[in-house]
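Here is a short report on a structure.

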Amino acid sequence: MKPDRDGLTRRDALKIAAGAAFSLPALFTRTAAAATTAASAPRFFTKDEYALLDELTETIIPTDRHSPGARAAKVAAYIDGRMAEAFLPVEADVQERWRDGLRRVDALSQEMNGTAFLAASPEKRVAVLARMAGNEKDPKSAEEKFFRELKGATVQGYYTSEIGIHQEMEYKGNVLQGEYAGEEPT
Amino acid sequence: MIFQMRPPAPKEADLTIVYDAIVVGSGAAGGMAAHVLTSHGLNVLLLEAGRKLDMESELKSMEWPYDHPRRGEMPRDGHAITLNEYTVRQPPYAKDTPYKHVYSYVQGWGGSDYSKNIVVDEKDHPYTGTKYAWVRARLLGGKTAIWGRLALRLSDYDFKGKTHDGYGEDWPISYADVQPYYDKVDLYLGIAGHKENLPHLPDSLFQRTTRLNPSEVMLRQSLKKMNRVLTPYRAGVTTDGLKHNKYRSKCYGRGACNRRAGGCDIHAAFDSPTGLIYPAMDTGHLTLRTNSTAYEVTVDPATGKARGVAFADSQSGKHYEARGKAVVVAASTLESARLLLLSKSNAHPNGIGNSSGHVGHNFCEHVMGPSILGRVKDLVGKPRTLDDGRPGGFYIPRYRNLEDRQPKFIRGYGFEGGGGTGMIPGRAFSTPGFGADFKKTVRDEAGAFVHMGGFGEVLPRYESSVSIDPAVKDRWGIPVLKFNYAFGDNEKQMALDMAVTGKEMFEAAGIEVLHADADVLTEGWSIHELGTARMGSDPKTSVLNQFQQSHDVKNLFVVDGSSHVSASCQNPTWTIMALAWRSCDHLADELGKGNL
């Protein structure tokens with residue numbers, strides 16, 4: 001159904017004019033801006049930790065033929081920001097859990113592949129994550145628990161990102177519509 | 001970002017004069033009282049404990065998550081109480097907290113940065129006693145700033161519940177008494193819905209209905225065979241616009257409506273300031289004083305009648321008294337009870353209007369928890385549709401204990417639900433796995449989910465109550481409420497039935513059930529507190545008469561949900577406003593006759 005704007009009163013048109021001008025172009029201009037902005041230095045993680053985190057998020061939500069993945073959506077930067085803004089000392093344990101989790105990923109990769117995670121082949125990286133994801137519903141080991149936390153933050157960061165909302169999920173809302181395009185009850 | 005009609009300039013409160021009426025509280029009930037009393041030409045002072053917020057800049061309804069530094073989350077020094085905390089701890093929940101601010105659970109919803117100034121900081125507003133998830137919003141408009149917008153009528157199955165099944169008390173009114181006032185509320189504020197001709201859920205005077213998506217249509221068709229009804233969400237939202245109100249726009253189905261805390265910055269969804277208070281100010285008869293924390297209804301010692309309202313300026317802490325010919329309490333069910341109980345005098349030693357001893361008692365609400373999540377196979381992988389460009393999905397009205405008699409519980413419950421996805425595919429968090437397959441599953445299935453959760457009637461019991469705890473005080477030095485309240489066996493049996501029938505309805509419609517939860521949520525979760533100053537014909541067993549007028553003090557009215565005799569399972573806001581309208585018509589009439 002096409003949005004029907006014919007029924008708008010003059011007052012309604014006044015009210016929505018500014019909103020329409022605001023929301024529609026923003027969608028497109030921001031995409032271009034995001035692509036040209038260079039990634040800034042991590043605020044909480046070390047450079048090495050950040051690089052590992054970035055690869056982990058991309059392994060969880062990769063680029064595919066439908067849309068770019070977590071790396072393009074800057075999910076690692078989102079997680080890094082959350083860690084940097086942790087409420088201390090209350091959330092110091094959260095920060096430590098993430099540092100420890102990243103160390104465990106490398107340790108597990110060493111054990112399974114004989115190399116650090118980033119040095120392993122894509123197939124071997126997937127194998128490491130698959131091991132960590134083995135008990136997703138009821139995680140027991142520290143590695144399994146970290147996977148849950150990592151995946152939750154990745155999902156949150158990706159699906160609230162511009163790429164996640166517009167390109168991946170093709171969300172059609174938050175712009176003015178004629179009316180909701182559903183079905184009348186019969 | 002959207003052009004808005006600015007609120008009218010406020011008048012200074014004049015505390016040297018006697019107002020015709022003083023209204024305490026500016027939510028659905030207080031806003032309606034202000035509207036109706038000023039429409040009768042009365043000079044009204046409206047006191048609100050909270051601030052007046054600039055809602056357009058507060059809500060940022062159309063801000064994308066990625067344009068917000070924390071994707072809409074509040075600053076990290078704030079904390080929302082979790083279900084687990086409510087379950088294992090007793091109030092006051094902010095006691096010994098390391099966080100700078102502690103909020104009720106609703107602040108844990110997405111978009112919490114937009115509601116952190118709307119819901120109260122539990123540190124300033126403690127309470128004690130049994131566990132209770134008490135959600136409060138202190139600002140101009142109260143909880144109408146974040147309400148769920150489901151706008152339902154009650155019927156004589158509710159008003160005459162005792163006649164129907166023998167439990168509790170009948171209301172001193174019937175549907176025929178309230179129906180003209182429901183009509184007035186519908187026409188003045190706008191309501192979207194679809195006529196169903198149900199005796200237990202009377203139709204409103206509807207504007208254009210919101211629509212159903214394919215999974216909801218499927219469920220609706222299937223339920224017909226079970227003699228049950230799924231109707232589009234009946235929403236206190238104007239879908240056709242309101243010619244008489246310049247502060248509100250009609251709904252444009254923009255989506256992201258389910259960011260509840262994000263409110264509705266074009267005010268298509270009803271809120272008390274734009275729907276009721278600003279138009280009342282435009283009459284020239286309303287004076288609004290925000291930042292006014294009422295702590296006592298004062299009494300004329302010579303007559304025993306209400307003289308006015310004592311309040312503290314919420315910012316300066318200075319104390320004042322405003323005087324009125326009538327006092328209309330509309331501070332919310334629990335705060336109104338607190339105010340009455342705090343108002344002790346020689347004439348009213350148990351608190352004003354409390355000769356019956358029923359103030360604070362017969363406390364009831366809705367029980368929540370059981371919920372069903374399903375997946376419609378035929379919708380997996382279908383092109384994306386906009387599923388949240390509307391205030392809500394659907395409502396399934398009560399079907400229990402109408403003609404039938406359930407063996408294990410009395411009264412009934414309804415379901416609220418919806419199909420499809422919002423802006424963010426929430427199911428992604430619990431979709432197993434990772435990688436390209438995970439991503440594709442989330443994408444393909446997002447539009448195929450349908451979910452619903454039950455709201456059941458909680459029985460009023462005398463022992464379900466709140467009282468004043470003199471040992472604990474709030475930030476303004478006012479003694480707080482102590483809860484003595486817990487769900488009983490009827491609620492627990494009803495919740496078990498919700499889980500069973502919810503699953504059965506999905507299965508009958510061919511919807512694959514992914515998750516069925518039977519656990520009951522903490523008391524208070526529904527944010528539908530009712531009953532602490534109930535109406536009735538007998539002054540010995542009730543606080544108010546059928547016009548929400550105190551049996552003891554004839555110039556004292558309590559026009560919010562505290563007056564409700566039973567909870568019904570239907571959401572209370574529309575009934576609160578219909579009754580407040582009826583009572584304030586009566587108040588104006590009586591004042592004119594010199595009877596108050």
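A residue counts as buried if 20 or more other C-beta atoms lie within 10 Å of its own, and as exposed if 12 or fewer do. The model discussed here is predicted.

**Helix α8 of chain B**

By that cut-off, the buried residues of α8(B) are S272(B), P273(B), T274(B), G275(B), L276(B), I277(B), Y278(B), P279(B), A280(B) and M281(B). That is ten of the eleven residues of α8(B), so the helix is mostly covered. The cover includes α1 (28-39), α6 and β7 (286-289) of chain B. Just after α8(B) comes G284(B), with a positive phi of about 85°.

**Domains of chain B**

| Domain of chain B | Residues |
|---|---|
| Domain 1 | 20-52 + 139-183 + 270-362 + 529-596 |
| Domain 2 | 60-134 |
| Domain 3 | 191-260 + 366-457 + 486-522 |

The centres of domain 1 and domain 3 of chain B, taken over C-alpha atoms, are 32 Å apart. Across this pair, 25 residues of domain 1 of chain B contact 32 residues of domain 3 of chain B. On the domain 1 side, α6 (175-189), α8 (272-282) and α12 (573-592) of chain B each supply at least two residues. Which helix gives the largest share of that side? It is α8(B), with four residues. By class, the side of domain 1 of chain B that touches domain 3 of chain B holds 14 nonpolar, seven polar and four charged residues.

**An exposed proline in chain B**

P383(B) sits in the loop between β11 (366-375) and β12 (394-396) of chain B. Is P383(B) buried or exposed? P383(B) has 6 C-beta neighbours inside 10 Å, so it counts as exposed. R443(B) lies 60 residues from P383(B) along the chain. The C-alpha atoms of P383(B) and R443(B) are separated by 9.9 Å.

**A helix pair in chain A**

Two packed helices are described by the angle between their axes and the distance between the axes. In chain A, α2 (residues 47-60) and α3 (residues 75-84) pack at about 125°, with axes 8 Å apart. The two helices α2(A) and α3(A) are therefore oblique to each other. The crossing of α2(A) past α3(A) is right-handed. From α2(A), the contact uses Y50(A), L53(A), D54(A) and T57(A). From α3(A), it uses V75(A), A76(A), I79(A) and D80(A). By class, this contact of α2(A) with α3(A) has five nonpolar, one polar and two charged residues.

Terms used:
Residues are numbered from 1 along each chain as its sequence is written. Chains are lettered from A and ligands numbered from 1 in the order in which they are written. This is a predicted model: local features need pLDDT of at least 70, side-chain atom pairs count only at pLDDT 80 or more; totals for chains, interfaces and linings use all residues. Domain bounds come from an automatic or database domain assignment. Two residues are in contact if their C-beta atoms, placed from the backbone, lie within 7 Å. Ala, Val, Leu, Ile, Met, Phe, Trp, Tyr, Cys and Pro count as nonpolar, Asp, Glu, Lys and Arg as charged, and the others, Gly among them, as polar. Axes are lines fitted to C-alpha atoms, for helices over the stretch in contact, and angles run from 0 to 180 degrees between N-to-C directions. Angles under 35 degrees count as roughly parallel, over 145 as roughly antiparallel, 65 to 115 as roughly perpendicular and the rest as oblique. A crossing is left-handed if the near helix is turned anticlockwise from the far one by less than a right angle, and right-handed if clockwise.
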